[in-house]
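Subject: Structure for your review

Dear colleague,

Please find below the structure that I am handing over to you, followed by an account of what was found in it.

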Amino acid sequence: MIGFSVFFSVVQGLVAGLGVTVFVTIASLVLAAAFGFLLALLRQFAGIRFINLAIDACCEILCNVPALTHLFILYFGLASLGVKLTSITAAILGLGLIGAAITCAIFRAGFAALPGGQAEAALAAGLAPFQTIFEILTPQAMRIALPGLGNYAVQLLKDTSVVSAIAAPEIMFFARSMVTSSFQTTMIYATAAALYLLLSLPLMQATQFLERRYGRLKG
C-alpha cells in the first residue's frame, strides 16, 4: 500500500502539468500551421527573389538552431530588453515559430506534388489567380500535407518537454521538481514517459488513419 500511495501521489503531481502540455501543443500547432501555410504560399507563388531568400533564411535558422536556444532568447533575452513574456507564452511562440518552418516545408511539398498543368488550366478557364490558389490548388495540397502535419503534431507533443527549462508548468517541469524533493527518479520519469505515450497514441492513430485515407484517395 505504501508503494501504491507513492505512485498515486506521483501520478497526481504529474497530471497537474497535463493541461499545460496539451494547451501548449495545440496552441503551438495552430500557430505553426497558420504561419507555415502563409510562408509556403509566399514562397511558392510570390515569385519575388527577396521574399524567397528571406523565407529560406528564416526557415534555416529556425530549424537548425536548438529549440532550447530559441526559448531562452524569447524568455530570458527579451526580458533583459524589457519585454517580459510568461513562460507559457514564450513556449507557444518559440515552438510555434520553429513549427512554422517545418510546416512550411510540408505545405510546399503538398503544392509541389500537384500536376503542373492544373494552375494553367484553371487560369485558362477564367479563374483569377487568387481563386486558382485557394479553390483549386490549396484543397489538394492540404490533403497531401495532412499525414505530414499529423507526424509533426506527434513530434511537437514530445518536444513540449523542453519548455520546462523556462519554468513552463508542464509534465516534465513537475517531474523534475518531484525528483528533486523525493528522489524517486525511476518511478517519476517512467510515469512521465507513460503519460506522454498515452497522449501520443491517439495522435499516432489519427496520423495513420490520414495516411491510409490519403493512400486510398491517391490510388
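A residue is called exposed here when its relative accessible area is over 50%, and buried when that area is under 20%, with partly exposed in between. Please also bear in mind that this is a predicted model.

L198 has a relative accessible area of 58%, and it is therefore exposed, being over the 50% cut-off. This residue lies in helix 9, which covers residues 185–218. L198 also belongs to a nonpolar patch on the surface, together with L197, L201 and M204. The accessible area of these four residues together is about 360 Å².

As to the overall architecture, the chain contains 9 helices and 0 strands, so that its pattern along the sequence reads α-α-α-α-α-α-α-α-α. Along the principal axes, the C-alpha atoms fill a box of roughly 75 × 50 × 20 Å. Of the 219 residues in the chain, 34% are buried.

Helix 2 spans residues 18–46 and helix 3 spans residues 49–64; their axes come within 9 Å and cross at roughly 140 degrees. An angle over 145 degrees would count as roughly antiparallel, and the two helices are therefore classed as oblique to each other. Their crossing is left-handed.

A search of the whole structure finds 1 salt bridge, and in it the side chains of R43 and D56 meet at 3.0 Å, N to O. Because R43 lies in helix 2 and D56 in helix 3, the pair ties together parts that are 13 residues apart in sequence. D56 has a relative accessibility of 28% and so counts as partly exposed.

Finally, I would draw your attention to the backbone at A167. Most residues other than glycine have a negative phi. A167, although not a glycine, has a positive phi of about 70 degrees. The residue is located in the loop between helix 7 (129–159) and helix 8 (171–182). With a relative accessibility of 37%, A167 counts as partly exposed, because this value falls between the 20% and 50% cut-offs.

Yours sincerely,

A colleague

Key: Residues are numbered from 1 along each chain as its sequence is written. This is a predicted model: local features need pLDDT of at least 70, side-chain atom pairs count only at pLDDT 80 or more; totals for chains, interfaces and linings use all residues. Side-chain values use heavy atoms; hydrogens and water are left out. Helices (H or I, at least four residues) and strands (E, at least two) are DSSP runs, numbered from the N terminus. Buried means under 20% relative accessible area, exposed over 50%, partly exposed in between (1.4 Å probe, protein chains only). Patches are made of residues with over 30% relative accessible area and no salt bridge: like charges are joined within 9 Å, nonpolar side chains (Val, Leu, Ile, Met, Phe, Trp, Tyr) within 5 Å. Accessible areas come from the Shrake-Rupley method with a 1.4 Å probe; for residues, only the protein chains shown count as cover. Axes are lines fitted to C-alpha atoms, for helices over the stretch in contact, and angles run from 0 to 180 degrees between N-to-C directions. Angles under 35 degrees count as roughly parallel, over 145 as roughly antiparallel, 65 to 115 as roughly perpendicular and the rest as oblique. A crossing is left-handed if the near helix is turned anticlockwise from the far one by less than a right angle, and right-handed if clockwise.
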